[in-house]
Amino acid sequence: MLYALKIATRYVTANKVQTALLVSGVAVGVFIFIFMSALIGGLAEFILSRTVGDISHITIEAEETDPAVLISPSGHVLSVVERGRTRTATLAEAATWLPLIEAVGGVKAVSPQINGSGFLARGAQIAQVSVTGVEPGRESAILNLDGYMIEGSARLGSDLIILGSKLADELSLKLGQTLRLESSKGVTAVLTLGGIYHTGNGGMDGGRVFVSLTSARTLFGVPQGVTRIEIKLFDLNAADATALRIRALTGLDAESWTADAAQLMEALNAQAQTGYFLKTFALITIVIGVASALLLSTYRRRPEIGIMRAMGAGRGFVIFVFVTQGALIGLMGGVSGAALGYLALLPFPSRDAFKVGTLPMDITQGSYGLAITLTVIGAILASILPARAAARVDPVTAIGQ
Amino acid sequence: MSVLLEVQDLFKTFGTGEAATRVLRGLSLTLDVGEMAALLGPSGSGKSTLLTILGTLMKPTSGSHNMLGHDLIAAEDRELTEFRNRHIGFVFQFHNLLPDFTALENVIFPTAVREGRETASARARGRDLLVRMGLGDRVEFPSTKLSGGQKQRVAVARALMNSPELVLADEPTGNLDRVSAMQVMDLIAQINRDEGTTFLISTHDEKIASLCRRQIVVGDGLVTG
Ligand SMILES: Nc1ncnc2c1ncn2[C@@H]1O[C@H](COP(=O)(O)OP(=O)(O)OP(=O)(O)O)[C@@H](O)[C@H]1O
Ligand SMILES: [Mg+2]
């Protein structure tokens, strides 16, 4: 079959202009395939980083447990158990779980928190806020607070508070001012404004404040443990699997971000489907192009095929020659298209430097190998029909004597 | 003289019904080993048809065809392909050479296609044959750049590549001038003498035919002389 390869190679190189045209046609298809892969992949990455990048990938929240009702075995007791409304559910043993969770593979950061709500007062002005108590040093573990600071610092001390730009505007707050925060439990703390952030998310910038975990303990009456553990992963796509592992390890109710993001996942899915659709069309174009070009080539070479058959070339040999020709064209078109795609993607900013207004192309998601493989397979499939037609050529009529 | 091939009661009809052309009508013929025969007959008498049947490129409508102990009517495509490759060489009038290959590559094709690659020994034999054909200086020449006479001599060399028992030539000198035609015929006669290869050559040219020891004339679908 080495000999069939030689003949196929000769056919490919014999008519350079025709081959060049055909290969560029294939390359354009591959280019579109790679461009679409990079665009869809980059877009998904971009959307995820914008929407999910700042949220917890796995969240463990304290389950509301009610005190056990002790019933004496003798006599009849009629009882109604009501959910306690004033108690705060806590993860009492958080301290023991944290090192365990941190050791799980793929975990980037863990943030134990105490969450609650309260009222922020500055003079006569009052705003309702949701309060997050985080450990000093872990302020940016989940939400990149450091990156969003526009004034002051994200560093939380015991009597410091950090809040958003919108809230600061509404209450005309300035750095260093003292504020009163009254929790839903009725505890009041006097805090100093240590920093102002701007995330671009209105709800966040206008209604969420951060205090230290110690302050939150006092405010919400949680002497030990936490109410919530947020976990950030290196790969947010691993959240489902990692959540399961943490659940198995600790017995805690660890939930992946995807549980609450059905709509986002659907949108990303639809986007990926569109990508597959376009890529499939690119491949179909390649297959049709290669098939028609090879069909023409087999027609043009009918006399030669007749001669080869007369000289003792079997049908299998003829098929192999033309299928190899298709594979060579697919390989050349695939490689040049992939190279072209890579070069075209080079000028786009890297994944971490996407700018609004530019296409969020991700050069690492070009699927170059897949594009080349599929193109070669497609070209081989495309050449089967012409190759079979060639193998069926009747030597007598082809030689035409 | 031992018999090389024998066909009996060959019928060949193209088409059916009204449009049917009955070309061969019970033709019988025997060729002995080492013969050099000319195939003569008017245009349309079925010379090419007979040659393609003898060359196993086409099957007759009916009749028997035996060569070297093989029943070639019963054989399937794969077996016939193999048989042709080993035992039969062809020289056609047109479209003889593979255009994208050199003279040498054309000559060694029958061996290379059987062995799956171009071996050094095949190359050496191909070169020898080309030298014998007076084409020692055209070995690596692209086949399309050869003259008509040179092309036919390359075709003869290729027909001889696998040392076949039979070479079928359909008007091999049909579009050559007299000098080139005689050159090709001389070479054929020489090979026939030296190696005992059997040649069957169809031609319209009495001069060419007279160079062969036997003349077979077809007419009305039969051998008439
Ligand atoms: N494939 C075919 N289909 C139909 N008719 C055919 C076919 N091949 C040959 N014929 C007919 O068979 C007859 C014999 O043709 P053939 O080519 O064998 O003659 P020939 O003796 O070689 O003629 P020439 O000397 O002109 O080459 C012709 O009438 C031709 O039209
Ligand atoms: Mg003829």
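**Leu104(B) and the shape of chain A**

Mentor: Leaving aside residues up to four places away in sequence, Leu104(B) touches Arg123(B), Gly126(B), Arg127(B), Leu130(B), Val139(B) and Glu140(B); contact means heavy atoms within 4.5 Å. This is a predicted model, where local features need pLDDT of at least 70 and side-chain atom pairs count only at pLDDT 80 or more, while totals for chains, interfaces and linings use all residues. Residues are numbered from 1 along each chain as its sequence is written, chains are lettered from A and ligands numbered from 1 in the order in which they are written, and side-chain values use heavy atoms, without hydrogens and water.

Trainee: Why is Leu104(B) called buried?

Mentor: Buried means under 20% relative accessible area, exposed over 50%, and partly exposed in between, with a 1.4 Å probe and protein chains only. Leu104(B) has 3%, so Leu104(B) is buried.

Trainee: How far apart are Leu104(B) and Glu140(B) in sequence and in space?

Mentor: They are 36 residues apart in sequence and 6.1 Å apart in space, C-alpha to C-alpha.

Trainee: And chain A: how does its radius of gyration compare with that of a compact globule?

Mentor: The radius is taken over C-alpha atoms, and the globule rule is 2.2 Å times the number of residues to the power 0.38. A compact globule of 401 residues would come near 21 Å, but chain A has 33 Å. Its C-alpha atoms fill a box of roughly 110 × 65 × 30 Å along the principal axes.

Trainee: What separation do the centres of domain 1 and domain 2 of chain A have?

Mentor: Over C-alpha atoms, 53 Å; the domain bounds come from an automatic or database domain assignment.
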